[in-house]
Amino acid sequence: MFFERPDAGETAVLVHVDFQDEQEREDPGEFLELVRSAGAEPATLLTGSRHRPDSRTFVGSGKVEELREAMAVHHAELVIFNHALSPSQERNLERELKCRVLDRTGLILDIFAQRARTHEGKLQVELAQLEYMSTRLVRGWTHLERQKGGIGLRGPGETQLETDRRLLRARIKAIHKRLDKVRSQRSQNRRARSRAEIPSVSLVGYTNAGKSTLFNALTESEVYAADQLFATLDPTLRRLEVVDVGPVVLADTVGFIRHLPHKLVEAFRATLQEAAEATLLVHVIDAADPDRDLNVTQVETVLDEIGALEVPTLKVMNKIDLLDSAPRIERDGEGLPEVVWLSAREGRGLELLGQALSERLAEDVIDVRLTLSPDQGRLRAGLHELGAVREEAFDDQGHVLLEVRLPRRDFLQLMARLGEHPDDYLPGELQERPVWEG
């Protein structure tokens, strides 16, 4: 972490408590995955149930004694809770157990710190860590008193803790300014893509749902993908060609998780803005996960937080190889693709996803037959250049009979370039359809 605690063994005793409130419950299986992703070795998992957390130690005196015994048996020097602890609870537990105590938020921050690769990603993680640690600084400086008074020894009257908090606030302010600059640059890039009418597609989903594997399969990239939580932190953009649409910008984003710390959502807002301003969201879901419905709800909660819940969404049920299921497309009442079932790892169903993307993004496609006279060779050449000509034939008078299919925006741009009037070529019902704005 940004503020390093003393080095300790990585063997950890884990603590998971079940509460009656469903909203407060965490998944112990996911907790184990988080611990392994952070590089710790789980020695044992202590479980219990309570109506509400103990205000002093979260778990109560009996469980603290049980923890002390488990640490002695397993020679562990680290205790990790599958819950968010208050600074005072963490401090009291460390005093009682004489070891490092880490809560769920600190654990996730530690994983993020290990995985961040780009300058922007590191800034975002550091910001989240600083804001998390600002309330916990008191532990490191309780032994220091105010500077001595007396002639020649009078200081500013600031404790080391106050000095550190002041420096920390200054650092947080500096990072906010740099991230604002990143946010501004991303916004400019999005505006440029919007002016060029290039649609953007963002992959979103629960962590470890297979977003990066799908991203690599679609774009033939080599983005880091692994069967672990938060394998991707830094956003990656690639160009993707979609039939009837043309170039599309595909973005791979950070995965979400249940009870994702609010500070992390805030810190990664610049990255997540790619999702909020996308033309289409592709929500990747682990179809084989027994908790997939809960995971979908959690992703939608975070999307709502960043203002992306209203963006059109195509769901992708990934990992059908674990279900022994066949690739398929499910459609809504209007016939539009709603869910695509596929296996990104095995490459099964990718062509169905391409078809679904084409249908969702190219909702305004011109499919028409044109009759061109011999002196309209430039228009014919332009349509061929766009790859829009499906069939071509000639009649006895030398007219060219074309069957064309292309996005309306491409057709209108071609008309404008050649100084032609689109109304002269389109049937009445096609003239009345609005221009697709991407």
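Me: What do the buried residues of helix α7 pack against?

Reply: This is a predicted model. In it, the buried residues of α7 pack against β5 (200-205), β6 (236-242), β7 (246-252), β8 (280-286), β9 (313-318) and α11 (350-361).

Me: What makes α7 count as largely enclosed?

Reply: A residue counts as buried when its relative accessible area is under 20%. In α7 (residues 211-219), 7 of the 9 residues are buried, so the helix is largely enclosed by the rest of the structure. Those buried residues are K211, S212, L214, F215, N216, L218 and T219.

Me: And what happens just after α7?

Reply: E220 sits there, and this residue takes a positive phi of about 55°.

Me: Now for another pair. Why are α4 and α5 called roughly antiparallel?

Reply: Check the angle: the axes of α4 (residues 104-115) and α5 (residues 119-133) cross at roughly 155° and come within 10 Å. Angles over 145 degrees count as roughly antiparallel, so that's the label α4 and α5 get. Their crossing is left-handed.

Me: Which residues make that contact?

Reply: From α4 you have T105, G106, L109, F112 and A113, and from α5 there are V125, A128, Q129 and Y132. They split into 6 nonpolar, 3 polar and no charged residues.

Me: How much of the whole chain is buried?

Reply: Of its 438 residues, 49% count as buried. The chain has 14 helices and 14 strands.

Notes
Residues are numbered from 1 along each chain as its sequence is written. This is a predicted model: local features need pLDDT of at least 70, side-chain atom pairs count only at pLDDT 80 or more; totals for chains, interfaces and linings use all residues. Side-chain values use heavy atoms; hydrogens and water are left out. Helices (H or I, at least four residues) and strands (E, at least two) are DSSP runs, numbered from the N terminus. Buried means under 20% relative accessible area, exposed over 50%, partly exposed in between (1.4 Å probe, protein chains only). Axes are lines fitted to C-alpha atoms, for helices over the stretch in contact, and angles run from 0 to 180 degrees between N-to-C directions. Angles under 35 degrees count as roughly parallel, over 145 as roughly antiparallel, 65 to 115 as roughly perpendicular and the rest as oblique. A crossing is left-handed if the near helix is turned anticlockwise from the far one by less than a right angle, and right-handed if clockwise. Contact means heavy atoms within 4.5 Å. Ala, Val, Leu, Ile, Met, Phe, Trp, Tyr, Cys and Pro count as nonpolar, Asp, Glu, Lys and Arg as charged, and the others, Gly among them, as polar.
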